[in-house]
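Please read them with the coordinates open.

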Amino acid sequence: MAMAVPTTGSGPRRPTGRIADGLPSPTIDRLTATAFTIPTDAPESDGTFAWDRTTIVVVQITSGDTTGLGYSYADVNAARLATEVLAPRVLGRPAMDVPGAWSAMVGEVRNLGRPGLAATAISAVDNALWDLKARLLGLSMADLLGTARDAIAGYGSGGFCSYDDARLAGQLGGWAEVGFRRVKVKVGREPERDPHRLDVARRAIGDEVELFVDANGAHDRPSALLAAKQFGERDVRWFEEPVSSDDLPGLRLIRDRAPAGMAIAAGEYGWDLDDFRGLLGAGAVDILQADATRCLGTTGFLAAAALCEAHHTPLSAHCAPSLHVSLTCAVRPAIHLEWFHDHVRIEHLLFEGSPRPHDGFLAPDRGRPGFGLELREADAEPYLTWRGDAA
């Protein structure tokens, strides 16, 4: 039976941009990087980490009177790196030459070390460059990239290990009520409690909603196999990072021995194409994850999607839903994106134009330019951590 997929937007209106209006090809004039730190609404933890705040680095790149916006979830030093190291490699370049700017940034961090902090900074800048390009052409990101689908399924993600039963049930049950057909729970901090927590989750979401778990690499191989057996008894369909994503043989072992119908997923810490190639080449995952705020931006995400297509492996977007709606609708291997509790809060707080789900699906707004986001300066200012500007 065909499912009607909702669409968003404001009808036939299309934004107009400088290139679309026939003006000369512009160059990049200014780069601003700003870090905002937002407290969580409750203490949060997963299998290997605990936190009470999240930092988002927002990059704005200007060409004439047009500004593109990109971002990454990273340390404040990613904003400094974007302003002090990457900006000199971007300023003065043709605004349409995103591949040239990307290559220059990757080359510039050779001796700094590309994985980690540098990758998140490059990601934020690259995302802003793509947004600027779309705006200059007078296009939404969906129209710039094209679309393989009109909307993408989301899955509710949170279920933190720090939650009590009532909060866990309320969050997951709430997602099921608004139409999400998949929800994810963090596991692995206290493995002996996980079967009970999943029973709470199952009662809250019912039998029709798929249950996912994420251990964030908390297990060793024997305990991951035991957990997979326990989770399989509760019809868990997705086991994310049962062991460290660096342990490719371990992921392959769990994948080979997991109960039928349980997908093994990893890739959120893929910093570049070689990381993804390693996971796919080792047969370590059933579903690859990629994050455009970590994997060298939109450019890296599109490359990861091409690699998935070559390996006949589905792709799921990790976190940052406002960025990933357009990207997952553009690439054929994508099957869903993560509607992550923290990032949903932050993006709806800071950005005008953040997407909202309809019956568990998210669709890009083709009536808004680029990724469709505008920074709410007044709302963001109380959370300001650092700001840098280069011109």
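1. Basis. This is a predicted model, in which local features need pLDDT of at least 70, side-chain atom pairs count only at pLDDT 80 or more, and totals for chains, interfaces and linings use all residues. Residues are numbered from 1 along each chain as its sequence is written, and side-chain values use heavy atoms, with hydrogens and water left out.

2. Overall fold. The chain has 13 helices and 15 strands (DSSP runs: helices are H or I of at least four residues, strands are E of at least two, numbered from the N terminus). The radius of gyration is 20 Å, close to the 21 Å from the globule rule for 391 residues, so the chain is as compact as a globular protein of that length. The radius is taken over C-alpha atoms, and the rule is 2.2 Å times the number of residues to the power 0.38.

3. Burial. Buried residues make up 57% of the 391. Buried means under 20% relative accessible area (1.4 Å probe, protein chains only).

4. Contacts. Take pairs at least 6 apart in sequence: 73% of these contacts join residues at least 24 apart. Contact means heavy atoms within 4.5 Å.

5. Helix H6. H6 covers residues 194-205 and spans 16 Å between its end C-alpha atoms, close to the 16 Å expected. The expected span is 1.5 Å times one less than the number of residues. Its buried residues include Arg197, Leu198, Val200, Ala201 and Ile205. The buried residues of H6 pack against helices H5 and H7 and strands E5, E6 and E7. Just after H6, glycine 206 has a positive phi of about 80°.

Note on methods: Buried means under 20% relative accessible area, exposed over 50%, partly exposed in between (1.4 Å probe, protein chains only).
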